[in-house]
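Morning, everyone. Please have the model open while I talk. I'll go region by region.

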Amino acid sequence: MEDEQVAVFGIVDPLSTRYGNTLAGQFVCGSKIAVHAYRPITASTRDKPTDYAGKDTVQIHLLQPEFIFDDPILRSLIAEANSTFVALQSLKRKGSKADYTKISRTYRSIIRACLEKLQDAAGLAEEGTKEHDMYQQYISIFYSIECVWHLSEILFLDQTPSNVIVPQLLEWVRFHFPAAERMATDLLLMGRDASDSEEYWPALKGLILQGQVDVARAILQSHPQAESAAFKMAEQILKAMPTFNVYGGFSIQKFRSQWQYWLTDTERKLSANILAIEPNLEELVQLIIGDTQTWNAHIDNSDYWYEYLPGYLFYTNPACKHFELGTAANSWLDRWARMKTQQGNEPQLKHLDKVILSLMENDMHQVIHAIQLMADNQWFVTHLTDLLYNCGQLQVVGEHQMNDCIKLRDSLLYEFGSTLMTRNSLWQLGMDYLQFCSEEGLPALELCLTKIPIKTEKQAMKILEICHKMGFPNAEQEICKIQAKQSLDDERYGNALEWAIRSKDTLYVTSIADFLLKHYAKTGDMLCPDIIANIGAKMFISPRLVFLVKYFDFYQFYRKRDFLPAAELLVNLLDSKITPEYFWPSLLIDTIPLLESKDPKILSKETTAILHHLESELVPLIEKKKKRLEKFPDEPVNILKDYRIENIEEIINLLRLACARNLSRALIIENTLMAA
């Protein structure tokens with residue numbers, strides 16, 4: 001039988017071949033892995049640069065599984081299933097059996113609707129194209145999902161009081177192998193002419209093999225010879241066949257007694273060759289009594305090992321219970337494989353075949369492992385496991401180790417939710433899965449919210465609102481910082497300052513304020529004046545922002561030629577102890593026009609303070625720069641080349657002279673006023 005096929009792929013990297021094809025990898029985002037060449041270092045290897053260091057380009061290969069839900073049809077499936085998932089969580093594991101069965105059927109109806117859309121899309125696509133092949137692949141994946149989900153619903157959710165499962169298995173096969181039923185529908189519409197069709201007897205045999213006895217009887221009655229002795233006898237046998245009522249009625253023991261009586265009577269009639277005149281009728285009755293040779297002859301016509309199993313159980317063990325199904329399934333599989341081999345058809349179990357066998361064996365370890373291998377980005381295993389957990393049917397490791405079941409369910413929700421959070425169109429759906437993941441979900445959600453690629457400020461505000469409601473202050477701060485950095489890169493400086501203030505991060509606000517002050521010091525141009533003018537009390541987030549706002553106020557007074565308040569504010573800034581080192585030259589230069597004014601704007605006391613700051617702040621700064629230049633002569637010659645000063649020594653002399661002149665004028669005026 002076919003073994004599991006492992007995907008194999010190659011990475012062409014010349015650098016890695018020099019060290020034995022060694023590669024190293026690291027998860028970078030969601031399920032994306034960055035792979036690069038790696039030089040293995042061991043205890044006997046000298047850790048030193050190789051001859052190739054700095055010469056060859058290091059290639060970084062980004063690997064990630066295909067994400068199928070980017071397709072619009074599948075995106076609608078994941079959105080509809082999400083609402084059902086949330087409804088399931090609202091039951092809080094206290095729902096009734098009917099509640100969980102209803103939710104399971106809702107999931108299946110969503111899958112079935114998606115399959116119909118995929119089939120329509122495949123029909124519209126030109127055969128042989130990449131699009132057509134893609135939709136065919138999706139159809140195969142979700143057909144398998146629907147088939148396994150339906151069987152899981154039967155075995156774990158929709159159990160009957162008697163625990164007999166054959167009637168439900170018959171419905172499962174009828175739903176997933178509808179060919180015989182479709183032929184039967186066409187034949188019934190043909191009426192008396194149905195027997196002339198080539199599909200008449202194949203359809204009847206297909207119905208019997210699937211246990212659809214009532215439909216087969218209706219078609220037999222449309223035959224022109226329905227009143228003949230052979231047909232009446234067949235009708236009598238079919239009508240008399242006892243059926244087990246799964247919801248009550250006779251006990252299993254009494255049913256089996258009736259069944260054995262009917263079986264013995266039917267075998268006696270066949271032995272008497274009553275139906276020999278009609279070989280097709282005789283073959284139908286032989287199938288009904290479970291005749292080994294007749295069933296073996298039809299086994300080779302089935303493409304899947306489980307296609308005729310429910311029908312065979314219906315005729316040979318109609319009261320089969322859940323715990324007996326695994327043994328019956330393995331026995332039938334061996335028989336199916338043996339018959340296929342005898343006919344020269346080597347049997348090969350596909351992935352779906354193995355999943356169904358594990359389900360019938362109630363081997364949930366293997367079931368969950370197998371459905372994780374379906375190429376659906378873990379959608380199916382996450383939702384089915386969550387459903388089984390919520391309804392108390394997830395017995396993966398036994399009743400006394402339920403904590404492991406919780407961990408399994410939470411790990412699947414965590415992985416699936418994290419994957420959705422990396423998709424720009426699905427992150428809001430991913431939030432629901434992480435919210436219902438018990439331990440790691442909320443911390444992961446907080447981190448994922450900061451990783452969402454934000455394209456517009458409207459989207460940023462929406463995410464911030466979510467963070468506020470969820471109580472994620474750190475995420476709010478990080479998003480604001482990211483937006484501030486993005487705005488700064490886009491040269492939207494006012495926006496950057498607003499986002500930085502909103503982040504309430506003192507260091508980040510300081511860095512933006514520094515950028516604006518340095519830009520002014522270099523160019524004399526004040527960026528985003530409207531924003532700075534309206535900061536208000538928010539300036540106290542950072543001392544540097546306080547300095548920026550107060551200096552802007554001085555800047556405004558000066559532009560309006562309101563020199564007295566401008567001079568007062570400037571002197572206060574000099575005394576404030578919050579002036580950044582790089583801004584001392586600009587701040588002191590701004591005093592020169594005020595000091596040189598014929599009508600003194602700065603009094604003698606303040607002039608003395610300016611002179612003090614010049615000698616104690618700016619001059620030591622210049623000396624420090626000179627000493628550094630002597631120590632590091634390769635640095636630029638112009639000590640303060642980043643500012644508006646071309647000749648710093650000349651500026652210092654001008655400042656000293658301006659202070660001396662203003663001080664003399666101020667002293668004369670002040671003393672004159674005092675004498676008067």
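The buried residues of helix α19 are Trp 427, Leu 429, Gly 430, Met 431, Asp 432, Tyr 433 and Leu 434. Buried means under 20% relative accessible area, exposed means over 50%, and partly exposed is in between, with a 1.4 Å probe and protein chains only. Helices are DSSP runs of H or I of at least four residues, strands are E runs of at least two, and both are numbered from the N terminus. Seven of the nine residues of α19 are buried, so this helix is largely enclosed by the rest of the structure.

A word on the ground rules. This is a predicted model, where local features need pLDDT of at least 70, side-chain atom pairs count only at pLDDT 80 or more, and totals for chains, interfaces and linings use all residues. Residues are numbered from 1 along each chain as its sequence is written, and side-chain values use heavy atoms, with hydrogens and water left out.

Stay with α19, residues 427-435, and pick out Leu 429. Leu 429 is buried because its relative accessibility is 16%. Which residues does Leu 429 touch, not counting those up to four places away in sequence? They are Ile 78, Ala 79, Asn 82 and Leu 420. Contact here means heavy atoms within 4.5 Å. Ala 81 is 348 residues from Leu 429 in sequence, yet their C-alpha atoms are 9.9 Å apart in space.

Now the cores. A nonpolar core is a set of buried Ala, Val, Leu, Ile, Met, Phe, Trp, Tyr and Cys residues joined through side-chain atoms within 4.5 Å. The largest one has 129 residues. Phe 69, Phe 142, Trp 172, Trp 305 and Trp 379 have the most contacts inside it. Helix α4, residues 130-157, gives the most to this core: 14 residues. Another core lies apart from it, with 76 residues, among them Ile 501, Val 546, Phe 547 and Leu 594.

Take Phe 69. Beyond four places in sequence, Phe 69 contacts Leu 74, Arg 75, Leu 77, Ile 78, Phe 142, Asp 376, Asn 377, Trp 379 and Leu 426.

Next, helix packing. Two packed helices are described by the angle between their axes and the distance between the axes. For α4 and α15, residues 351-360, the angle is about 5 degrees and the axes are 10 Å apart. Axes are lines fitted to C-alpha atoms, for helices over the stretch in contact, and angles run from 0 to 180 degrees between N-to-C directions. So α4 and α15 are roughly parallel to each other. The cut-offs: under 35 degrees is roughly parallel, over 145 roughly antiparallel, 65 to 115 roughly perpendicular, and the rest oblique.

Who makes that contact? From α4, the list is Tyr 143, Ser 144, Cys 147, Val 148, Leu 151, Ser 152, Leu 155 and Phe 156. From α15, it is Leu 352, Val 355, Ile 356, Leu 359 and Met 360. By type, the residues of this contact are 11 nonpolar, two polar and no charged. Ala, Val, Leu, Ile, Met, Phe, Trp, Tyr, Cys and Pro count as nonpolar, Asp, Glu, Lys and Arg as charged, and the others, Gly among them, as polar.

Asp 386 sits in helix α17, residues 379-390. Is Asp 386 buried or exposed? Its relative accessibility is 0%, so Asp 386 is buried. Leaving out residues up to four places away, Asp 386 touches Phe 85, Leu 88, Gln 89, Arg 409 and Leu 413.

Glu 476 is in helix α22, residues 473-489. Glu 476 is partly exposed, at 23% relative accessible area. With the sequence neighbours up to four places away excluded, Glu 476 touches Leu 464, Cys 467 and His 468.

Backbone next. Most residues other than glycine have a negative phi. Arg 93 has a positive phi of about 65 degrees, and it is not a glycine. Arg 93 lies in the loop between α2 (72-90) and α3 (97-124). Cys 528 also has a positive phi, near 40 degrees. Cys 528 is in the loop between α24 (506-523) and α25 (529-533). Arg 93 is partly exposed at 40% relative accessibility, and Cys 528 is buried at 16%.

Last, confidence. pLDDT is the predictor's confidence in each residue, from 0 to 100. The chain averages 85, and 91% of the residues score at least 70. Over residues 636-645, pLDDT stays under 50. For that stretch the model has 24 contacts beyond four places in sequence.
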